[in-house]
Each structure stands twice: as C-alpha cells, then as structure tokens.
Amino acid sequence: MSRAQRLLELIQVLRQHRRPVAGAVVAEGLGVSLRTVYRDIETLKAQGAPIDGEAGLGYVLRPGFMLPPLMFSEEEIEALVLGSRWVSERADGLLGMAARNVLAKIGAVLPKDLKASIEASGLLIGPGEPIQAGHGELAEIRQAIRSERKLQIAYADENGVPTERIVWPIALAFYDRVRVLVAWCELRADYRHFRIDRFASFECKAERYPRRRSRLLKEWHEVQGVPEQ
C-alpha cells in the first residue's frame, strides 16, 4: 500500500467511527504500526483534515469533511452493484429509483474499465416471494422518521386484535417478505415493532416527538442487544 493510499484508508477508518477511536485500533485495521498511525494523523491534520484527539485518548474525524473522488476496488464496485440491485428490487419505488440513480452517477465518473465492471457484473438478485402489503406507505413513513414526527396508526396484532397507537418512528427494517417499523409506543411506554402490512391506516402528525431520534435509536440498540450497523 502506497503512503497516499494509506492516508486515504486512514480517513475512511476514522469516518466509520462516531466516537474517538484508539490509535491501536486504527493501526490494527490498517495493518501498520501505532507509530505510523500517529505520524499519518499529524500529516493529515497539517493538510487540513479536521481530526480531533491525541495519543492515548483516541481520534475522531469531525463531521462535514469531504474527500476527493476515490478509486473503487473491484470488490467495492460489486458491493455497490449488489446493494443497489437489492434495493431496486426489494425496497419501495422511490428508494429503488434512487438506488438506480446512484449507480448511474457512480458509473458516469469511473474509468471505462471500471464502468464496464458495473455493466457486466455477474452478481444478481434472485426472484423472491411477493412482499407483503405496505409498499405504498414506506415513503411517507421514511419522511416521518427523517422529520422525527409522531405517527398515529390503526394496527392489528398477529391475532387480528385492532388497536390505535401513537408511536415515535425511529427505523425501518427490511426483511425478505415484510417491512417492520421500529418505534417507541406511547400506549406501551416501550419500544415495539410493527409490521407495515398490518397497518389498517396511519397518519403523520404535525407534532414532533420530544427526544432526538439518534438517542432513541442508540437506546433501542442497547435494549435489544442489536449491533449498530
């Protein structure tokens, strides 16, 4: 690995961590010595990279730092193609269109040989069973999640028992056949999971919920024991 490539990889490692990460962890990820990591971080800081922290405490890259366009490896291109194709087939229509647009934009700026790797990728998404109802509602639910607004839902549980709920939507989980809303339920005063196909109706309220979604999501991960992605 050249020094220039190593510096770019170092930036990428830091971007994967929201909190300060120890130099030893970075060194292990890059396969270099701790001393090399310290030297490279000082080089990046001298070139204007907004890296906070110091040896022994850890380092964090402040939000908003933009890298110049990077060259993708063949594996990275295959990951992009496979992920985009899955989203275009298994997510809602707007997300599917966005996935195809992203792939087209990436292909437009790649060299010819790498662009050909996108067009000729041998990674395909196989046909699956029809996804349960809920396709049309996803765009509105995703907007409620982004804007941190409450949802009023008419919901039927697995036994068909109907309830009216006010929930704070924090995430959507996409499974092979169903989509599940992760939310704080005011009725139960706890986190609950709601299958979108069991919504009889829903309404996005003007009222925002009182806690930040990022904190709720972190708390849900801890309560459920689900690793952060």
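Q: Is Arg 195 buried, exposed or partly exposed?
A: Keep in mind that this is a predicted model. Arg 195 counts as partly exposed, because its relative accessibility is 26%.

Q: And what does its side chain pair with?
A: Arg 195 forms a salt bridge with Asp 197, at 2.9 Å from N to O. Asp 197 is partly exposed too, with a relative accessible area of 22%.

Q: Which residues do salt bridges with shared partners join into one network?
A: Glu 148, Arg 208 and Arg 212.

Q: How many salt bridges does the count come to?
A: The count is 13. One of them joins the side chains of Arg 6 and Asp 40, with 2.5 Å between N and O.

Q: Where do those two sit?
A: Arg 6 is in helix α1, residues 3-15, and Asp 40 is in helix α3. They are 34 residues apart, so this pair links distant parts of the chain.

Q: Buried or exposed, that pair?
A: Both are buried: Arg 6 has a relative accessible area of 12%, and Asp 40 has 1%.

Q: While we're on α3, where is Thr 43?
A: Thr 43 belongs to that helix, which covers residues 34-46. Thr 43 is buried as well, at 17% relative accessible area.

Q: What does Thr 43 touch, leaving out residues up to four places away in sequence?
A: Arg 3 and Leu 7.

Q: Back to salt bridges. What does Arg 18 pair with?
A: Glu 228, with the side chains meeting at 3.8 Å, N to O. Arg 18 is in the loop between α1 and α2, while Glu 228 is in the segment after α8, so the bridge ties together parts 210 residues apart in sequence.

Q: How open are they, buried or exposed?
A: Arg 18 is exposed, with 69% relative accessible area. Glu 228 is partly exposed, at 40%.

Q: New topic: how many disulfides are there?
A: Zero by the count.

Notes:
Residues numbered from 1 in each chain as written. Predicted model: local features only at pLDDT ≥ 70, side-chain atom pairs only at ≥ 80, totals over all residues. Heavy atoms only, no water. Disulfide = S-S within 2.5 Å. Helix = DSSP H or I, 4+ residues; strand = E, 2+ residues; numbered from the N terminus. Buried < 20%, exposed > 50% of the residue type's maximum accessible area, 1.4 Å probe, protein only. Contact = heavy atoms within 4.5 Å. Salt bridge = Lys/Arg side-chain N within 4 Å of Asp/Glu carboxyl O.
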